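Me: I am new to this structure. Please take a close look at one part of it, the salt bridges, and walk me through them.

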Amino acid sequence: MRKDFGKKPWLYPLPVLIVGTYDPDGTPNAMNAAWGGLYDSDQVVLCLSAGHKTTHNIEEREAFTVSFATADQMAACDYVGMVSGNDTPDKLAKTGWHVTKSSKVDAPLFDELPLTLECRYLKTNEDGNIIGEIVNVTADESILGADGKPDAARLRPISFDPAANTYRVLGENVGRAFHDGAKLK
């Protein structure tokens, strides 16, 4: 038996993305954005309202970073989504994060978030969503597997569970993509 819930924004998994920008004066800013993802093979989309400081910063600086929130940094990642840079310009101070300037785009890298997409702003589409081109992916060596690529089990990314209003950790490997389904051919 199924139960109907009506229209709900319930998509699983919903990545918890930390968007990094610089304010016009060069102050680093971070925002938790649960509504975003891939737009094309080399582009991301962020569903941000026009009133966010991050939206203004992206359009002003034409650059941003997208880091994946991790279980280890869950509280700080939640905090940057609860507090607006419009009201609390020094909100990064409470996170304890260290900032390194990206060498690829005019945006900050947060040292405690080990996997980051460095993006160049392309446009705001007709729905008001930010579209950016991924110009580089940078990963801390601590999350790389034996193959030299990011390992989700080491990264421990979190996703937002919109039905329960909680964060959940990802990482368990349950199969091989483009392989395990072949037995059904």
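Reply: K101 is partly exposed, with 48% relative accessible area (buried is under 20%, exposed over 50%, partly exposed in between, using a 1.4 Å probe and protein chains only). K101 forms a salt bridge with D106, with the closest N and O atoms 3.0 Å apart. A salt bridge here is a side-chain nitrogen of Lys or Arg within 4 Å of a carboxyl oxygen of Asp or Glu.

The model is predicted: local features need pLDDT of at least 70, side-chain atom pairs count only at pLDDT 80 or more, and totals for chains, interfaces and linings use all residues. Residues are numbered from 1 along each chain as its sequence is written, and side-chain values use heavy atoms, leaving out hydrogens and water.

D106 also meets R61 in a salt bridge, at 2.9 Å from N to O. R61 sits in helix α1 (residues 53-61) and D106 in the loop between β7 (99-101) and β8 (108-110), so this pair ties together parts 45 residues apart in sequence. Helices (H or I, at least four residues) and strands (E, at least two) are DSSP runs, numbered from the N terminus. R61 is partly exposed at 22%. D106 is partly exposed too, at 24%. Through shared partners, salt bridges join R61, K101 and D106 into one network.

The structure holds seven salt bridges. Another of them pairs D72 with R156, with the closest N and O atoms 3.1 Å apart. D72 lies in the loop between β6 (63-68) and α2, and R156 in the loop between α4 (152-155) and β11 (158-161), 84 residues apart. D72 is exposed at 63%, while R156 is partly exposed at 35%.
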